[in-house]
Amino acid sequence: MKIRLVTVLGLIMLAVVLAPALRSQITPDTPEQKKDRLVQEYLDKQKKKKPTPTKPGQTPTTTARPKSADYRSPYILKDSLKTADSRDSLTERAIDTLPDSLLDSLAYDFMASDTLPDTLVPFGYEMFNIEPDLALPADVAGMADYILGPGDNIFLFLWGKVEQEYDLTIDREGNVFIPKVGEVTAWGLTVAEFEKQLKEKLSRVYTDFRVSISLGEIRSIRVYLTGEVKKPGAYTVSSLATVFNAMYLAGGPTSKGSLRNVKLLRSNQVEKTVDFYDFLLKGDNQGDVRMNSGDVVFVPVTGIRAAIDGEVMRPAIYELKEGETVGDLVAMAGGLTAMGYLGSLTLERYSPANEKITLDLNLDSTLGPVDNFALHNGDSVVVHSVFDLNRNWVAVAGMVKNTHRFERTDSLTARELLLLAELQPQNVHYDRANIFRTFPDLRMEIIPFNVNQVLNGEQNIYLQDMDSLHIYSIEEITRKKYVFIEGEVKNPGAYPWMENMSLSDLIFLAGDLTKIAYHLNIELARTEATGQVSVFRYDRFDPESENIILQEDDFVFVREIPDLFLHQLITVEGEVRFPGQYALLSRNETLFEIIMRAGGFTERAFPKGIIFYRPTIGEALIRQNLPEIISRNQPVREDSLGNIRRQELFKFSQDNVNRMIIDVAKLVESSGKAGNITLQGDDYIYVPKTPSGISVMGAVGAEGTIKYEGGKKVRYYVERAGNFSRQADRGAVRLIRADGRVYSGGGTLGKKVELGDAIVVPTEIKRDRDWLRTISTVFTIVSGTLTTILVIDRL
């Protein structure tokens, strides 16, 4: 047997060694390898034939993709500044660093450096951004095509010579029982088919009658969603639920999930492949089939994706099927806008050599051959405007009244263009403006000029095609300066710094000082040019401090009056002679003193049960992050589906921790010398009335309040309440004193009860054991072990 075992181990090791080599011979191309192969085939074809340019003298260009694409493509599509020309990566990088206000002045719109632009989002995914409750189908009373099954509720109405109403539920065998008729099969039939069958059987018993059927409560089914969905797992839904409902419940596909190849699996077979684009683009919901129990909705990874932007109705990233073309992509995007031009499209893609291929396409058959070929994964298409064909224009933007294009003549100068555009009457930065000029070889040049000199004729600049002027505002050029004030002012915060702004000006703008502000020590922090921070202190009542001139980034702090004691209120209610609110006389006023100020206890008072609440206790614990600490230390359990959940055995309650336990007997006997408490604002004191007995609650024969008898123990009162019930946990009985103290454990039954106490008998927690599952698991393990031993023995 040892020789056989060695032989088997040797064969296993040989299979492990040869597996990678065999796998490499039979493994098909990956999607990425297939894409690279198709692109290379396309490049080989292009070398054999010369492509047809869409503009005279223009041919498709191939540009090496930069190794480090650490910049973000602008991909800005301005209606007035579009062109079909591509730009090299260095030019795109330079433009990406310009502020948005300057991009309005640029003569060209730049194509994205990456094939799927960041500014576009995948089409259709926002469809699933709804509340899960709205995704559930409503129960419908009558549906002729609804397939019945166990658990469905049916209402049967008979009228004519016989008048009867039946409330029927389909049993596990799929039948319903009707008196005088017997069992009728319903499982697998539609409502219409069941009604037809029922009429035939009823006609054997009754004559001259009519029948009507409606659905009552619909059964629930269990379906599964897996793959690229946001919330995969098992869902219990109504039997009316469809594939769309299930996708809504799961939050829809992830950003990597497909919308065009969603599979409905039934009994491990593909029942239906759903293309959500049919619904989104055509309103066709034939793919929204109803689901059965056990069905699986599988969302695979998305297939080919291509982006389209420019003059189309719905610029976005679309998922394509194999063989879909540029024309199909334009149709998915809703077609062209009024400005769109089918004779001028730009396609960008990357070759296997990591080179960017830029092609000019024509989809207008009147202009020549149509370039409607299949798209690859990652392609990016831009549809250009009819205005892109015209180049003899100049543009101006910024601080002018007319920000648009103007026709350029050979003699047009910058001065004439500024007069046509009309400068704004104010906030114009005259010292410098810029002309952005683009040359035929795609180089760009920035030409600065002085606006006053150009307007006065001292500087004469002739403009060229597609020159763009930008006139800056003073705010664009000048850095915004601020000063800051915090503390005891009405409106603390940042304020614009102005020339000759004084400390008193800033205090005035901040709404002046508050009532509790400390006027004698206003602090000013200033960062010097050397980086050193200097601190100055001023007296508000000193006339010289009013004229302190502030500098940029000065920070003013106004402190609170030291040891300020404003009115702090507490509340005293219940059995005192003068209940109500009281203002504390000092920081050291005590509980005993406030009770005396309230006139002392009445003759009905029960001082031992006094309730003292201090809200600041819970607030202090929250500041110490105690609720988060308690939450993190709760036990964690994993359910049968592998979902990890934290069990909340103890929950932090701010109200529960705010009560303080006080020994009032010691406080009263010592006249406040022992057991006293210093009061704080918002403290709450309640003095209850003398109770009538002892309350017994929980797992006892009869809950209630029993007359107090001195010297009796807990056991006595439990017996008077009907003794323990069968579910009582006798070892966990709790005795709650009137002052808030709690006793629990085995010795609690022998403790003496005092007036005002309460007794709580909790219910015992019993753990259910599934012996059948335990035996089944043990049997499976033992049988598996014996089978393994038998196989090895026979080798």
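1. Strand β34, which spans residues 693-698, pairs with β35 in the antiparallel sense over four bridges, where pairing requires that DSSP finds at least two bridges between two strands. Within this pair, Gly-693 stands opposite Lys-707 of β35. Strands (E, at least two residues) and helices (H or I, at least four) are DSSP runs, numbered from the N terminus.

2. The pair belongs to an open sheet of five strands with mixed pairing, in the order β35-β34-β38-β36-β37. Its edges are formed by β35 (704-707) and β37 (742-744), each of which pairs on one side only. Neighbouring strands of the sheet are turned by 20° against each other on average, direction ignored, the axes being lines fitted to C-alpha atoms, with angles from 0 to 180 degrees between N-to-C directions.

3. This is a predicted model, in which local features need pLDDT of at least 70 and side-chain atom pairs count only at pLDDT 80 or more, whereas totals for chains, interfaces and linings use all residues. Residues are numbered from 1 along each chain as its sequence is written, and side-chain values use heavy atoms, with hydrogens and water left out.

4. Most residues other than glycine have a negative phi. Asp-512, however, has a positive phi of about 70° and lies in the loop between α12 (503-509) and β24 (517-527). Its relative accessibility is 36%, so Asp-512 counts as partly exposed (buried is under 20% relative accessible area, exposed over 50%, partly exposed in between; 1.4 Å probe, protein chains only).

5. Asp-682 also has a positive phi, near 75°, and is found in the loop between α17 (664-669) and β33 (684-687). With a relative accessible area of 57%, Asp-682 is exposed.
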